[in-house]
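The entries go from whole chains to single residues and back to the packing.

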Amino acid sequence: MEEKLSFEYAPAPESRAVVSIKPKYGHFIAGKFVAGSKHFPTINPATEEVLSQISCAGKAEVDAAVKAARKAYTTTWSKMSGKERGKYLFRIARIMQERAREFAVLETLDNGKPIRESRDVDVPLAAAHFFYHAGWADKLEYAGLGTTPKAHGVAGQIIPWNFPLLMLAWKVAPALAAGNTVVLKPAETTSLTALLFAEVCQQAELPAGVVNIVTGDGTTGALIVNHPGIDKIAFTGSTEVGKIIARAVAPTHKSVTLELGGKAANIVFDDAAIDEAVEGIVNGIFFNQGHVCCAGSRLLLQESIEEEVLEKLKVRMAKIRVGDPMDKNTDVGAINSKEQLLKIAELSASGDSEGAQRWSAPCDLPSKGFWFAPTIFTGVTQAHRIAREEIFGPVLSVLTFRTPQEAIDKANNTPFGLSAGVWSEKGSKVLWASQQLRAGVIWANTFNKFDPTSPFGGYKESGWGREGGRHGLSAYLKGVSHE
Amino acid sequence: MIFYGLVDGSDASLKKYLASLSGVDQVGADARAAMLATRSIKAASKRWAIDTAITMVDLTTLEGADTSGKVKALCTKAVRPDPTDSTVPSVGAVCVYNDMVGIARTHLDLIGGQHVGVAAVSTAFPSGRASMAVKLQDTQDAIDAGASEIDMVIDRGAFLSGRYIDVFNEIVAIREICGSKAHLKVIFETGELVTYDNVRKVSFLAMAAGADFIKTSTGKVAPAATAPVVLVMLEAVRDFYAMTQVRIGVKPAGGIRNTKDAIKQLVLVNETAGPEWLTPTLFRIGASALLNDLLMQRMKMDDGYYASPQYVTID
């Protein structure tokens with residue numbers, strides 16, 4: 001008889017000894033940590049353990065932060081040469097690299113994402129954004145905005161919980177390179193890496209007030225958005241909140257960029273490299289638990305390969321390792337909050353009741369914390385809620401198409417337009433499809449690849465403006481023509 | 001069923017079969033292999049992996065300077081890799097040149113190594129540049145001398161010039177000689193075929209022609225058993241099983257020198273073809289230096305410190 005063989009990976013936990021979390025945090029204003037009030041707990045979503053108490057900033061704190069940012073802008077940062085500003089950015093980037101492990105562990109504890117991802121994606125990319133923008137600081141006259149582009153002044157920045165440190169880097173690095181000072185609010189559930197970043201600012205001896213970090217919930221965010229002392233708003237988050245912000249700033253002098261939701265189509269043609277396409281489908285929707293605005297949440301499969309791809313996808317999904325985010329072998333971690341878990345469950349239930357077929361990867365979910373098994377729905381049509389609404393979780397809706405044009409029509413038939421994927425070994429088809437798709441980022445034979453040099457942003461309800469690259473930088477500059 | 005019903009032996013049917021295969025995206029395959037290389041294998045799972053890897057080693061000597069003394073020493077090591085620890089399993093097979101097969105078989109049998117196979121490299125190894133008659137005779141000689149496994153090389157020139165049917169027919173002919181006496185491993189020399197599309201294509205070609213195992217390399221050409229190449233071959237055997245319900249083995253050879261590399265190979269197997277392939281009947285690692293590193297890591301796990309290299313034997 002053949003011996004039953006199994007290769008169970010023993011637990012390979014990353015040590016959390018590298019981080020020291022304070023029992024209580026305040027805000028970072030004018031280069032100093034100041035005490036806060038109205039504290040609320042921040043938890044590890046994988047265990048529901050309370051990690052620390054975070055303060056919810058009110059009017060006084062936001063006023064102080066804006067005042068500090070204004071003072072730093074007027075007296076120091078706007079007078080400094082680009083070359084000098086660049087030195088600070090380089091210094092921040094290097095310190096982030098030196099403290100990469102600390103950032104990765106803290107991000108995983110606070111967010112629930114696997115350590116492999118925070119270690120290999122979030123933190124290195126965050127440092128890369130600072131390195132990239134450090135290079136821009138003394139070259140702004142080559143940004144295509146005339147010979148004397150100017151900073152806006154004080155930027156108010158509100159970031160989401162899905163990539164806490166990385167979204168901070170996307171916001172802070174270009175703002176500083178362009179000569180703005182910032183007041184940044186991390187998401188309510190994931191403030192810890194932003195507060196650690198404040199330490200890095202101190203360590204880099206960044207002039208006081210250039211970066212101010214206030215924590216809190218939506219009320220704090222509203223105070224920033226509506227503050228008269230702020231010149232530019234940058235927001236990443238839900239389309240719902242984005243619309244509120246757009247209305248709020250419309251009658252003001254403020255510039256605004258919005259990076260909002262998505263419902264990306266991942267189109268697999270019958271001439272695709274199937275195994276790599278399956279890998280791309282998995283990476284497209286299960287990366288970061290599907291908490292990705294550009295996630296490939298709508299799989300569009302050519303009907304002739306539907307069966308083959310779905311079979312392979314299920315085999316592959318059965319290999320996904322769901323569990324302890326601190327284990328180095330974990331592929332999919334915890335859902336970031338109970339609230340988000342309920343939203344994912346509610347939308348998935350609508351998939352059931354509207355007649356789509358649910359299949360979840362067989363996996364044992366931990367009893368504590370917030371978890372959702374990687375799931376696909378087949379038999380989904382354009383009319384299903386799960387094909388229209390952003391689920392922001394590890395749930396894939398599978399639709400089919402018969403001709404390339406039908407794929408494009410379905411892909412574009414959405415109020416969103418953040419990203420899309422095209423899988424084909426035929427170059428001409430890839431180029432044709434990319435031209436037809438109305439989405440800000442289109443990946444060909446890959447998915448969820450990010451780089452600081454590449455502009456990122458959406459069409460339609462997915463947002464205004466771009467982040468990253470020269471396009472992203474220009475959002476933090478006023479060209480001559482704007483004056 | 002002949003050729004599993006996939007091809008009828010004609011050039012046209014072979015071309016059609018190979019054209020039906022989907023391509024391989026190089027960037028994606030490289031990325032998947034790199035991701036799997038980050039798996040962290042510790043404690044009991046590492047111990048299991050080391051022992052499993054030892055049973056999968058095809059302990060190899062393929063040198064012009066090989067002598068009967070060298071081959072006998074290799075056989076002794078194959079049976080009892082660590083003379084001080086009888087819990088260390090024997091390796092899968094020894095792998096030698098044709099003329100050393102008889103010496104290896106006799107010596108193995110003499111020292112209680114009946115369970116260790118003798119693999120003979122064949123068909124004008126490593127280049128494959130000889131007439132068909134010579135290749136057939138080469139294989140027949142090895143089997144007559146007691147080889148239980150034949151590691152044949154394909155005609156890479158024929159493959160690269162598109163004469164797939166010639167490659168196919170050669171494998172079929174060697175398969176026929178092997179009959180039930182010897183397992184057939186087909187060596188592609190992926191370092192010469194270069195593209196992953198070619199690796200996938202030649203894998204399906206060899207499997208349809210009757211290979212029991214598909215093997216990356218001779219060990220004489222670099223690059224040899226790179227992780228993405230092994231990944232593509234493991235995907236091929238997995239897909240072939242789905243089509244035919246027959247499991248074909250995979251043998252990476254060349255460049256796998258230490259325990260870390262070997263464990264990465266096992267992770268590739270586990271997460272690509274599946275745990276069913278984690279047995280020496282379906283997965284072998286062609287290597288010479290690897291075994292000693294496996295032994296040293298094994299000692300380290302038992303003793304808690306690295307031993308001097310003098311505690312493992314050099315044969």
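I began with chain B, where, among contacts between residues at least 6 apart in sequence, 77% join residues at least 24 apart; two residues are in contact if their C-beta atoms, placed from the backbone, lie within 7 Å. In chain A, residues 24 or more positions apart account for 73% of the contacts with a separation of 6 or more.

**Ground rules.** I note that this is a predicted model, in which local features need pLDDT of at least 70 and side-chain atom pairs count only at pLDDT 80 or more, while totals for chains, interfaces and linings use all residues. Residues are numbered from 1 along each chain as its sequence is written, and chains are lettered from A and ligands numbered from 1 in the order in which they are written.

**Secondary structure.** I counted by DSSP runs, with helices (H or I) of at least four residues and strands (E) of at least two, numbered from the N terminus. Chain B has 13 helices and eight strands, and chain A comes to 15 helices and 19 strands.

**The sheet of chain B.** I traced an open sheet of eight strands in the order β7-β6-β5-β4-β3-β2-β1-β8 (chain B), with parallel pairing; two strands pair if DSSP finds at least two bridges between them. Its edge strands are β7 (249–251) and β8 (285–287) of chain B, each pairing on one side only. Three bridges join strand β6 (residues 213–215) of chain B to β7(B), and Phe213(B) stands opposite Gly249(B) in β7(B).

I call a residue buried if 20 or more other C-beta atoms lie within 10 Å of its own, exposed if 12 or fewer, and partly exposed in between. By this count 52% of chain B and 57% of chain A are buried. Is Thr239(A), with its C-beta neighbours inside 10 Å, exposed or partly exposed? Thr239(A) counts as partly exposed because there are 19 such neighbours. Thr239(A) lies in helix α8 (residues 239–249) of chain A and, leaving aside neighbours within four places in sequence, is in contact with Leu260(A), Gly261(A) and Glu461(A).

**Nonpolar cores.** I searched for sets of buried Ala, Val, Leu, Ile, Met, Phe, Trp, Tyr and Cys residues joined through C-beta atoms within 7 Å. The largest core has 162 residues, and Ile267(A) and Val94(B) have the most contacts inside it. Helix α11 (residues 227–244) of chain B gives the largest share of this core, ten residues. Apart from it lies another core, of 90 residues, among them Val62(A) and Phe103(A).
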